[in-house]
Amino acid sequence: MSSGSSRNLETTPKRIHQDPLVPKTNTSKKTSTLANSPSSLEVPPETKKSCGDKQAEIPVERIKMTKSIKEKQNNDLEKVGSKRKAEGEEKPVAKKEAKVTELDNQLHNITLPHISLKTIMDVEAKLVYIDEEDVNYEFVKSFMSTGVQPTCQAEEIADPPSGPNFSFLPQIDKWLQVTLNDASSCYRQKKYAVAAGQFRTALELCSKGAALGKPFEAPAEDIASVASFIETKLVTCYLRMRKPDLALNHAHRSIVLNPAYFRNHLRQATVFRCLERYSEAARSAMVADYMFWLGGGSERYVSKLIKLYWQAMIEEAITRAESFSVMYTPFATKITADKIEKVKEVFTKTHPAYVEYTYTDFQGLHMLPQTTDWSSFPPQQYLLTLGFKNKDDGKFLEKMSSRKLPTFTEHKTPFCLLTREDTIRHMETMGKRILPILDFIRSTQLNGSCCGCPGVMEKLHYASLLSQLQRVKEQSQVTNQAMAELATIPYLQDISQQEAELLQSLMADAMDTLEGKRSDEERVWNTIQKVGRIEDFLYQLEDSFLKTKKLRNARRQKTKMKRLQTTQQN
């Protein structure tokens, strides 16, 4: 990939850098542009009981472990940064001026290569559909002791399993081990339905305490790792059976139980791809790549495959989008108003059909798989500009940038309950207009504002609307997805004590919702939504007052002018 092309003033998802992993082929849609378009609601008992009474301790332990991992990574980055700084002290002015000149003056049109379905399937075969008997059931200790995450195999193993080496790890319960061996044997024989039944039995054994040899002494972290391993096997079974809808909740729960393992996120991406939810698949692939690096993954070809998958999902999301178009602008200097205006001018010329509403995202910087290197200091970053055919489709983005707790239900009477008709209308607005755009924005944005949990809070609000309409299955899927994202946040960014408490409160309320528990207190996200509605109401009052004041002043001025004219005529 050429360095010149990575510094263009303006590039779009259809005009990004050529990836050496993929041969040039014709793009499918919008080649010249950047974009294009019930059972009872409760957690399965195996998930509820897999961690015993220590379930609440997991987020705290995860945060502590993440901090230790990040400290190690930050020390490495500081060494790299110091070395680069020393190397760059010879000609700092010349380098900076050259970079700014390139950003200001050069515009290159680089066609984003179309990534074939065969290439995507190859990535999945190497990283998703592999036999993982040798990964020590995803115990975090196994990763920490070696500093390297488990390697991938090119194809599934055809030979019978030879038991994993657990000499330095917690001992798996013998009956659970037998059940897992039977399930794996059925999986290798391509009896996926039978294998799925065996893995469900394994989860039931976990729920009864038969996870480790000493269940009463086992840490919740280790039990969660075993349960996560079984959940991922269920994901692969259902994917093999071409039933991604059944795999979805298992993919989410595997991340809730073990968010540090990169393959869990990659399997979630595969499920999203099969469901044609490409923006969400792109984000899961991005998180998987970051987790691979954060966990000490040293095999560069694995990271290249994940980035290739991430790139393919972004391309597909852009191709399918109909209501908006996008543009990514690389930058190396401070963002100024002049730069933003220039970016908007370029966007208007490039995408004249999408200029009814234009939005440049300042909430967080974006990264593209073609130029992302997590070990760099820092990686190449981009501004994201979105343009819409319909102004109303992107109008909610104003609230995101100007308000701390935005709400998008357009509730005119914040102190009254929603009617069923209002609930249906707001649910459709969230599901068809707001969430798809937020999912796309987050597909290239690793970090956001944790305080408002962007994207996650909206999903929890959406789940509440689904609950009011008694759409139980969809509510379960959305809530599980929100929990998976909440469990991942501490690994993606540093959080304060207040933010950690908010995450724990959201996780606890989400778990209570899935278990069907009723509480006298409101769910945290509903309380936050009420505050947002009140804020909206106050903004509406302010706008109404200012408009009335402006009209009143205009009438006074008009009356004054009439009197003056009458006086002059007399």
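Trainee: Which residue just after α8 takes a positive phi?
Mentor: That residue is R242, with a phi of about 60°. Please keep in mind throughout that this is a predicted model.

Trainee: How many residues does helix α8 have, and what does it reach from its first C-alpha to its last?
Mentor: Helix α8 covers residues 220-240, which makes 21 residues. From first C-alpha to last it reaches 30 Å, close to the 30 Å expected at 1.5 Å a residue.

Trainee: Is α8 mostly covered or mostly open?
Mentor: Helix α8 is mostly covered, as 20 of its 21 residues are buried.

Trainee: Let us turn to charges over rings. Over which ring does the charged end of K233 sit?
Mentor: The charged end of K233 sits over the ring of Y187, at 5.2 Å from the centre of that ring. In another such contact, R240 lies over the face of Y129, and here the distance to the ring centre is 4.2 Å.

Trainee: And the aromatic pairs: how many does the structure hold?
Mentor: The structure holds 10 aromatic pairs. One of them joins Y290 and W374, and this pair is edge-to-face because the planes stand at 80°, with the ring centres 5.1 Å apart.

Trainee: Where in the chain do Y290 and W374 lie?
Mentor: Y290 belongs to helix α11 (residues 278-294), whereas W374 is in the loop between β2 (357-366) and β3 (382-388).

Trainee: Why does Y290 count as buried?
Mentor: Y290 has 9% relative accessibility, and buried means under 20%, so Y290 counts as buried. W374 also counts as buried, because its relative accessibility is 8%.

Trainee: What about Y328 and Y382, which form an aromatic pair?
Mentor: Y328 and Y382 are edge-to-face, with 6.4 Å centre to centre and 85° between the planes. Y328 lies in strand β1 (residues 324-330) and Y382 in strand β3, so this pair ties together parts that are 54 residues apart in sequence. Both Y328 and Y382 are buried.

Trainee: Which residues form one aromatic cluster?
Mentor: Y290, W293, W310 and W374 form one aromatic cluster.

Trainee: Changing topic: how many salt bridges does the structure hold?
Mentor: The structure holds 14 salt bridges. Among them is the one between R277 and E280, where the closest N and O atoms are 2.8 Å apart. R277 is partly exposed, with a relative accessible area of 26%, while E280 is buried, with 12%.

Trainee: Which side chain meets R442 in a salt bridge?
Mentor: R442 meets E485 at 2.9 Å, N to O. This pair links distant parts of the chain, with R442 in helix α16 (residues 420-442) and E485 in helix α18 (residues 472-492), 43 residues apart. R442 counts as buried at 10% relative accessibility, and E485 counts as buried at 14%.

Trainee: Finally, the surface. Which residues form a nonpolar patch there?
Mentor: The patch is formed by I534, L538 and L541, which together have about 260 Å² of accessible area. L541 lies in helix α20 (residues 524-569), and L541 counts as partly exposed because its relative accessibility is 44%.

Key: Residues numbered from 1 in each chain as written. Predicted model: local features only at pLDDT ≥ 70, side-chain atom pairs only at ≥ 80, totals over all residues. Heavy atoms only, no water. Helix = DSSP H or I, 4+ residues; strand = E, 2+ residues; numbered from the N terminus. Expected span 1.5 Å × (residues − 1). Buried < 20%, exposed > 50% of the residue type's maximum accessible area, 1.4 Å probe, protein only. Patch = residues over 30% accessible without salt bridge, like charges linked within 9 Å, V, L, I, M, F, W, Y side chains within 5 Å. Areas by Shrake-Rupley, 256 points an atom, 1.4 Å probe, with all protein chains shown as cover. Salt bridge = Lys/Arg side-chain N within 4 Å of Asp/Glu carboxyl O. Phe/Tyr/Trp six-rings, centres within 6.5 Å; stacked < 30°, edge-to-face > 60°. Lys NZ or Arg CZ within 6 Å of the ring centre and 35° of its normal.
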